[in-house]
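Have a look at the structure first, then follow each solution step by step.

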Amino acid sequence: MQTKLVKVSEAKLETDPEQGKAIEKAGQILREGGLVAFPTETVYGLGGDALNKESSRKIYAAKGRPSDNPLIVHIAKLEALYPIVRELPEEALRLAEAFWPGPLTMILKKSALVPKETTGGLDTVAVRMPGDAVARAMIEAGGGYVAAPSANTSGKPSPTQAKYVAEDMDGKIDIILDGGAVCIGLESTIVDLTEEIPMILRPGYITKDMLEKVLGEVEVDQTILSADSGVKPKAPGMKYRHYAPKGELTIVSGAAEKVVEMINRLSGEQTKKGEKVGVIATEETRKQYHAPIIKCVGKRTDEDAIARSLYTILREFDDEDVTAIYSESFEGSEMGQAIMNRLLKAAGHHVIQAEEQIK
Ligand code: TXA
Ligand code: MG
């Protein structure tokens, strides 16, 4: 299959007839059961008709994704929510009012309209209305319901630019809509509304505080930041190693100067052993490292910037055949938690303390 790459832009959506044609074409491919990669405000998605089980099967095949890992159904208007859910709690409408279109996914009880192939066999469905206008126009043109995981090969970092989608999906899907670099850079927050108390299953741009302002009490799935606690995460996809670069990633945690010292020591040792070493630094520390490749993820105080560049940096290390990566650690209650959650998964939870003696 030949994969076409077509440029689209939110700004020209209304005025440029070529954009209209591209969206129409993408919609037709979706309606005929094909796959379209498209930009959203979080990461690029790999879309298929959510109500067509064959399309969902194709998505799993193109990504090499385990079929028990459910897909998010993307909609373009609120009315589209009603037919796909069995119950619509009042909380869902309040969240939609506050955060849709935007980077929030809600888990709700599904109706019979949604095939189990789309929900990985579950009775619940994940729903999101993306903030990107190109995405919404494409969803409308495609029939209103687009199942879309992130558009990467399963296990790799989610794509933040169309070229990374092409790296993973070229020859496997019909078309890639290239809307440039994404805005947020980490996947949507997932909140489960099927429990008594709403629960965050995946942290993202919409934080616990923001959700609590609308809902009152909100819980957090405790597996989000813990290593193998033996407890199964509630979002099936969160149990897999994810977002992983080809090189071995180690997170070094502790006081800033100790972290720099340890990363410099380790990177020296690994370079001597013949490894190609890369470091994920912050604006505050970048000049203190001696490794051959140093990438600055942003200012430590600007979590939005860090989120935006994390996956891009991991992909760049792949392009440069880096074999050993060291990263500083990130904390915090807002985006910091989402950043650390993705970084931990990318590292397979390999964290060392800077104070520790090296063996
Ligand atoms: O920002 C995003 O959400 C991006 C863009 C493309 O919209 N999509 C995305 O999809 O990140 P994906 O498939 O890479 O991640 C979906 C996550 C997985 O961890 C999956 O297990 C979880 O959502 N999920 C989906 N349906 C679920 C359900 N019914 N119950 C619990 N978790 C669910
Ligand atoms: Mg994903």
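**Exercise 1.** Find how much area is buried between domain 1 and domain 2.

*Solution.* Start with the idea: the size of an interface is often given as the accessible area lost when the parts come together. Here that area (found with a 1.4 Å probe and summed over both parts) is about 1700 Å² between domain 1 and domain 2. Carbon and sulfur atoms give 55% of the area. Next, look at domain 1: Pro157, Leu186 and Pro203 lose the most area to domain 2, together 35% of what that side buries.

A note before going on: this is a predicted model, where local features need pLDDT of at least 70, side-chain atom pairs count only at pLDDT 80 or more, and totals for chains, interfaces and linings use all residues. Residues are numbered from 1 along each chain as its sequence is written, and side-chain values use heavy atoms, with hydrogens and water left out.

**Exercise 2.** Locate the two domains and say how many residues each brings to the contact.

*Solution.* By an automatic or database domain assignment, domain 1 spans 4-220 and domain 2 spans 248-357. Their C-alpha centres lie 30 Å apart. The contact (heavy atoms within 4.5 Å) takes 24 residues from domain 1 and 17 residues from domain 2.

**Exercise 3.** Count the salt bridges between the domains and examine one.

*Solution.* With a salt bridge being a side-chain nitrogen of Lys or Arg within 4 Å of a carboxyl oxygen of Asp or Glu, the count is 3. Now try a pair: Glu167 forms a salt bridge with Arg315, and their closest N and O atoms are 3.5 Å apart.

Key
Chains lettered and ligands numbered in written order. Buried area = accessible area lost by both parts, 1.4 Å probe.
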